[in-house]
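Here's a quick briefing for anyone opening this structure for the first time. Take a look at the sequence and the model, then read on.

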Amino acid sequence: MKYTVLDIGTSKIGALEIEAKFKGFEILRFQEFRFPLDAKLPTAEVFVRQLKSVLENFSVHHSKLIVNMLPSDVATRFVELPFRDRKKIEQTLPFELADIVSFDVENTVTDHVVTESIGKKSNVLVCMTPRNKLISFLKIFEAHHVEPDIVQAPQVSLTSLLPYIPLPGDCFAIVDIGHSKTSVCIIDNGILKAVRVIAQGGFHLTKILSQIYEASLEESESIKLEKGYLICEKQERFNEDQTIFSDTLKKGLAPLIRDLNQTFVSMSSHNKKPIRNIYLTGGGSQLNNLPTYLTMELQIKTQLLEISSQKLPRPQSGLATTEE
C-alpha cells in the first residue's frame, strides 16, 4: 500500500510518498513546493495554484492520501466528562462545546479522541474547523478527482513523532517552529495532555532582520539561515557586529519564548508535573544554537529532534476522515 502525505503550511507544501513494507515504510519520493517569500501570507489563489502543482506532480490516485489543514483553520479543546461510555461522549460533546467555544457549533465539523480515562472520567480532545473552510479545502482536491482519506489537525499530528523521542516516559513537549506559527504538544507517559498554536514563527525573525538591516526578505532569510547565531555566553571571538546581530535575533524570539514559558508553566501547574524536555522540529528550529538558548531561557533541557527515515510512524487520523 502506498501513502501520499501532504504537509501544508504557509511557506511551502511538502509532499511525501511512502510504501508500506513488511517491517515498516520505504520513502519513495519527497518534494517541497515553496510559496513566494512575502510579508503577507499566501493568498487563496496562490495556495490553490501551488496545491494543484502538487497534485499534478504526484500520482495520488493510486495511494492513500493524507493531508493536514492549516493550524489557523483548526481549533482544539480538551473536555473532561464524568463518564467513559463512548456513545454517551458523542451525544454530550455538542452541548459541552456550545458552552466553551465562541463560534457556531452547528456549522462546525468536529472530530474527537479520548486521550485518557481515569476512574469513571474521560479526557477528550476535540478538533474543530468551520464547515465552509473544510468544504473549500476539499473542493481543491475534488477538482482533480481526488478525495483525501484522512484530513489531519496539524498540531495533533505532531504525536506521530513519538517513535523518535529518546525518553518517551518523561513529561515532555514537542515544539514545531514553522513559518508563521509554532505548534506545541505536551506528552506525559505517552498521553497527549495539551496542544497549542502560537502565532509566532521563523518568518518573524526574517521580517525583523529585513527592517533593521534594510534588506530584502530573500536576503534576510538567507542571512538568517547561513549566518544566524545566538550567543549564549561572553566569548571574545565574537565582534560587536556579531553581538548586535545575535541580540536582534534574541529580541525577535522574545514573544515566542514568552508564550512557550506561559504554556509550560500553566501545564506544569495543571498536571502537577514539570516538563523535563523540549524536542524541537520544523524549519524555524534550525537557527544555530537555538536549543542552547531555549534551555537557558526556559530552564528546560531543549534539543533538536532527530528524525530518521529508518523508522517511519504509521499515519494516524486527525481532524476527520472521509473513509468509512
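A residue is called buried when its relative accessible area is under 20%, exposed when that is over 50%, and partly exposed in between (1.4 Å probe, protein chains only). What you're looking at is a predicted model, where local features need pLDDT of at least 70, side-chain atom pairs count only at pLDDT 80 or more, and totals for chains, interfaces and linings use all residues. Residues are numbered from 1 along each chain as its sequence is written, and side-chain values use heavy atoms, with hydrogens and water left out.

Helices (H or I, at least four residues) and strands (E, at least two) are DSSP runs, numbered from the N terminus.

**Salt bridges**

- A salt bridge here is a side-chain nitrogen of Lys or Arg within 4 Å of a carboxyl oxygen of Asp or Glu. By that rule, the model has 10 salt bridges.
- One of them joins E32 and K12, with N and O 2.8 Å apart. This pair links distant parts of the chain, as E32 sits in strand 3 (residues 24-34) and K12 in strand 2, 20 residues apart.
- E32 counts as partly exposed at 34% relative accessibility, and K12 is partly exposed too, at 24%.
- There's also a network of salt bridges here, linking K12, E32 and R34.
- K21 pairs up with E26 in a salt bridge, and their closest N and O atoms are 3.4 Å apart. K21 is partly exposed, with a relative accessible area of 39%, and E26 is partly exposed at 37%.
- Over in helix 6 (residues 217-227), K224 and E221 are three residues apart, so about one helical turn separates them. Their side chains meet in a salt bridge at 3.3 Å, N to O.

**Nonpolar cores**

- A nonpolar core is a set of buried Ala, Val, Leu, Ile, Met, Phe, Trp, Tyr and Cys residues joined through side-chain atoms within 4.5 Å. The largest one has 41 residues, and L6, I8, L51, F137 and F141 have the most contacts inside it.
- Which element gives the most to this core? That's helix 1 (residues 44-57), with five residues.
- A second, separate core has 28 residues, among them C171, A194, I278 and L280.
- Contact means heavy atoms within 4.5 Å. Setting aside neighbours within four places in sequence, F137 is in contact with I8, F47, V67, N68, M69 and V151.

**A patch on the surface**

- Patches are made of residues with over 30% relative accessible area and no salt bridge, with like charges joined within 9 Å and nonpolar side chains (Val, Leu, Ile, Met, Phe, Trp, Tyr) within 5 Å. The areas come from the Shrake-Rupley method with a 1.4 Å probe, and for residues only the protein chains shown count as cover.
- I212, Y213 and I244 make a nonpolar surface patch of about 290 Å².
- I212 belongs to helix 5 (residues 202-213) and is exposed, with a relative accessible area of 53%.

**Side chains reaching the backbone**

- A polar contact is a pair of N or O atoms within 3.5 Å; within protein, one must be able to donate a hydrogen and the other to accept it, and residues adjacent in sequence count only if both atoms are side-chain atoms.
- T129, in strand 7 (residues 121-130), is buried, with a relative accessible area of 0%. Its side chain reaches the backbone oxygen of D73 at 2.7 Å.
- R29 is found in strand 3 and counts as partly exposed at 29%. The side chain of R29 reaches the backbone oxygen of N57 at 2.8 Å.
- R29 and F58 are 29 residues apart in sequence, yet their C-alpha atoms are 9.2 Å apart in space.

- S11 sits in the loop between strand 1 (2-8) and strand 2 (12-21). S11 is buried at 17% and touches R34, F35 and H179, not counting residues up to four places away in sequence.
- V113 lies in strand 6 (residues 108-118) and is partly exposed, at 43%. Beyond neighbours within four places in sequence, V113 is in contact with N123, V124 and L125.
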